[in-house]
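Hi everyone, thanks for making time.

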Amino acid sequence: MAPVTQLNLPVCDSSSTPPNLFDGTTRLYISLTCPFAQRPWIARNFKGLDNIDLVAINLSDKPKWYLEKVYPVGKVPSLEHNGKVKG
C-alpha cells in the first residue's frame with residue numbers, strides 16, 4: 001500500500017461553484033470530519049479506486065448546489081455514479 005501523503009482537497013461551502021454534475025464522472029461526496037464519510041473514503045483508498053473523485057463538503061455551510069441538485073437530504077457520504085446519487 002502506498003504511503004499516506006498530505007491531502008490537498010478543497011472544501012466546498014455555500015460560496016463554492018459546483019463541479020460538472022452528472023457528466024459521467026464518479027464522485028464520492030464526503031466531509032473531512034465525519035466518521036461515517038471517512039469509512040467509504042478509506043475503502044476507496046485501500047482498494048486503489050483513484051478514478052472516484054472526492055468532493056469535500058462543509059457540513060456547517062453546505063453548498064446550495066449540493067442540496068438542490070445532488071442530494072437534497074444534505075448528508076454525507078453520497079456517491080454520484082451513472083447519473084444517479086446514492087446516500
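Okay, let's start with a charged pair: Asp23 and Arg27 form a salt bridge through their side chains, at 3.3 Å from N to O. Just keep in mind that this is a predicted model. Why do such pairs form at all? Well, side chains of opposite charge can pair when their charged atoms come close.

Now, buried or exposed: what is Arg27? Arg27 counts as buried, because its relative accessibility is 5%, and the cut-off for buried is under 20%. Asp23, on the other hand, is partly exposed at 42%.

Arg27 has another partner too, Glu80, and that salt bridge comes out at 2.9 Å, N to O. Arg27 sits in strand β2 and Glu80 in strand β4, so this pair ties together parts that are 53 residues apart in sequence. The structure holds 2 salt bridges.

Phe22 isn't a glycine, yet it has a positive phi of about 55°. You'll find Phe22 in the loop between β1 and β2, and it's partly exposed, with 36% relative accessibility.

Asn82 also has a positive phi, about 55°, without being a glycine. Asn82 is in the loop between β4 and β5, and at 63% relative accessibility it counts as exposed.

Last stop: the peptide bond from Val76 to Pro77 is cis, with omega near 5°. Pro77 belongs to the loop between α2 and β4.

Technical notes
Residues are numbered from 1 along each chain as its sequence is written. This is a predicted model: local features need pLDDT of at least 70, side-chain atom pairs count only at pLDDT 80 or more; totals for chains, interfaces and linings use all residues. Side-chain values use heavy atoms; hydrogens and water are left out. Helices (H or I, at least four residues) and strands (E, at least two) are DSSP runs, numbered from the N terminus. Buried means under 20% relative accessible area, exposed over 50%, partly exposed in between (1.4 Å probe, protein chains only). A salt bridge is a side-chain nitrogen of Lys or Arg within 4 Å of a carboxyl oxygen of Asp or Glu.
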